[in-house]
Amino acid sequence: MWLFDRLTIRIFTIFSLTIAFFLMLIIVLPSLDSRNLTYLANKDKETGNLLANQIEKDLIKIPKDSFRWWMRFIVVMDNHQKPGQSLFVVTPNEQIITAETKNIDLIKNFSEKSHNVADPARKIYDSQEIIGPFLLHYSNAEYQLYILQQATDTQSQFVNFIFDHPFLLLALTMLASSPFLLWLSWSIAKPARRLKQAADQVAKGNLQEMPELEQIGSSEYKATGASFNHMLRELKRMQDVQQRLFSDISHELRTPLTRLQLATSLLRRKQGESSEVIRINNEALKLDSMIGDLLSLARQQHDSNEVRESKKTNKLFKQVLDNATFEAEQIGKIFTVINPPTNQTILCYPVALCSALENVIRNAFRYSNKKVTVDFITQQQKITITIDDDGPGVAESELEQIFRPFYRTSEARDRESGGTGLGLAIVANAIIRDHGTVKAEKSHLGGLRVVIILPIYKY
């Protein structure tokens, strides 16, 4: 039904049905208490009236003004009562004649609620029931006959306790209906949870469309899912255009740069070395390095042919650490691996991830004075890799900015190295593609600490 497909109608309908359900319980449940006053069926009426007529016939033999007539009245009643029964007769002046005096109070209570001989009733008191009244004529007056006997249909003490405590009954009703209400709430919230999961995937850089968002939930959720997918298409298109433009510009710059380098070489042959020629050549080399980094970043973000694989970290990073150890020996620096990687498995793009770690370690070599340390820590289903150096470091206000493309710090690190400002941006992009995070901090060695966090792969 298209009308019920709307979230507003669903919530209103569920709320209305819940209120109606509780109102129905409030109205119907009290009537289910078997201890309530109920009127007799015709068959029970006939049985009671027959007993009254039999007693009435025997009472004709007892004169009203005879000595202790009520004692003889009791004898007649005893002769007609069945085993387990007690008979009570209420006189016109509301006196009760019976041999069972201990239950007189029950009879008084019942006679106040049921005193119409034309419509006798039944009521249960614990394990006993009273039925009546039945019309009994004696000495030109009307008497009322009540019968006390064992109840044939008694409910348990637990049920009696519940009916006697309405708030407990309400609490049990709410408890019984909770699974149904929880299921309804879950079914209404399910599309919202799915939408939240989709937003989390987008936050991680996954811009793939999710058609199921347009098929689950109410019409409002489906419309939101359609808009969400439209947004993803537009973001993907804009990203593709930006990355393609980025790549095209980098390629186009390579042609005049090659000509510039060729012209510089020819100028050096004709005029020899000069400060101007050296400056032109250095700037051309810097521009060539920057274009190379731009192309690397564009390829990494756009169409990478590399396949994501599950790898053991000790095997994955072995060559990177071996190369770093060799390079440290050649440049006379101390390289220490505090906790080597273990056999934990991660899902990653192996080449890009190893290249990212290698770039961070080389940066640490470039800026350090003497010492570089690497540490691998496994905890809470994550692998944390820290790279520390004892170099000049980076100002605390710039720690969050250094992973942006082309960002140049005001510290001596960049001025001395002449970096392109793209190395750490490439590193950050590679880590994010593997659903990891990267950040920079002050190192305990005095320089910069780069922290890489990668999720452990769950089979």
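How many helices and strands are there in the protein chain? The protein chain holds 13 helices and 13 strands, where helices (H or I, at least four residues) and strands (E, at least two) are DSSP runs numbered from the N terminus. The model is predicted, and local features accordingly need pLDDT of at least 70, side-chain atom pairs count only at pLDDT 80 or more, and totals for chains, interfaces and linings use all residues. Residues are numbered from 1 along each chain as its sequence is written, and side-chain values use heavy atoms, with hydrogens and water left out.

Of the 459 residues of the protein chain, 37% count as buried; buried denotes under 20% relative accessible area, exposed over 50%, and partly exposed in between (1.4 Å probe, protein chains only).

The axes of helix α11 (residues 350-367) and helix α13 (residues 423-433) come within 9 Å and cross at roughly 145 degrees. Such axes are lines fitted to C-alpha atoms, for helices over the stretch in contact, and the angles run from 0 to 180 degrees between N-to-C directions. The crossing of α11 and α13 is left-handed, a term for a near helix turned anticlockwise from the far one by less than a right angle, with right-handed used if the turn is clockwise. On the α11 side, the contact is made by Ala352, Leu353, Ala356, Asn359, Val360 and Asn363, and on the α13 side by Leu424, Val427, Ala430, Ile431 and Arg433. Eight of these contact residues are nonpolar, two are polar and one is charged. In this scheme Ala, Val, Leu, Ile, Met, Phe, Trp, Tyr, Cys and Pro count as nonpolar, Asp, Glu, Lys and Arg as charged, and the others, Gly among them, as polar.

Helix α13 is mostly covered, with nine of its 11 residues buried. The buried set consists of Leu424, Ala425, Ile426, Val427, Ala428, Asn429, Ala430, Ile431 and Arg433. Arginine 433 also lies over the face of tyrosine 349, at 4.0 Å from the ring centre; a charge sits over a ring if NZ of Lys or CZ of Arg is within 6 Å of the ring centre and within 35 degrees of the ring normal. Just after α13, histidine 435 takes a positive phi of about 60 degrees. Histidine 435 is placed in the loop between α13 and β12 (437-442) and is partly exposed, with a relative accessible area of 39%.

Aromatic pairs were identified from ring geometry. Rings of Phe, Tyr and Trp (its six-membered ring) pair if their centres lie within 6.5 Å, and planes under 30 degrees apart count as stacked, over 60 as edge-to-face and the rest as tilted. By this rule the count comes to four aromatic pairs. In one of them, the ring centres of phenylalanine 110 and tyrosine 146 are 5.7 Å apart and the planes stand at 85 degrees, so the pair is edge-to-face. Phenylalanine 110 belongs to helix α4 (residues 104-113) and tyrosine 146 to strand β6 (residues 141-150), 36 residues apart, and the pair thus links distant parts of the chain. Both phenylalanine 110 and tyrosine 146 are buried. Phenylalanine 317 and phenylalanine 376 form a tilted pair, with 5.8 Å from centre to centre and 35 degrees between the planes. Because phenylalanine 317 lies in the loop between α9 (313-316) and α10 (318-331) and phenylalanine 376 in strand β10 (residues 371-379), this pair ties together parts that are 59 residues apart in sequence. Phenylalanine 317 is buried at a relative accessible area of 1%, and phenylalanine 376 is buried at 6%.

Backbone features were found elsewhere as well. The peptide bond from glycine 132 to proline 133 is cis, with omega near 0 degrees, and proline 133 lies in strand β5 (residues 128-138). Glutamate 94, although not a glycine, has a positive phi of about 65 degrees. This glutamate 94 is located in the loop between β2 (86-90) and β3 (96-97) and is exposed, with a relative accessible area of 67%.

Methods
Contact means heavy atoms within 4.5 Å.
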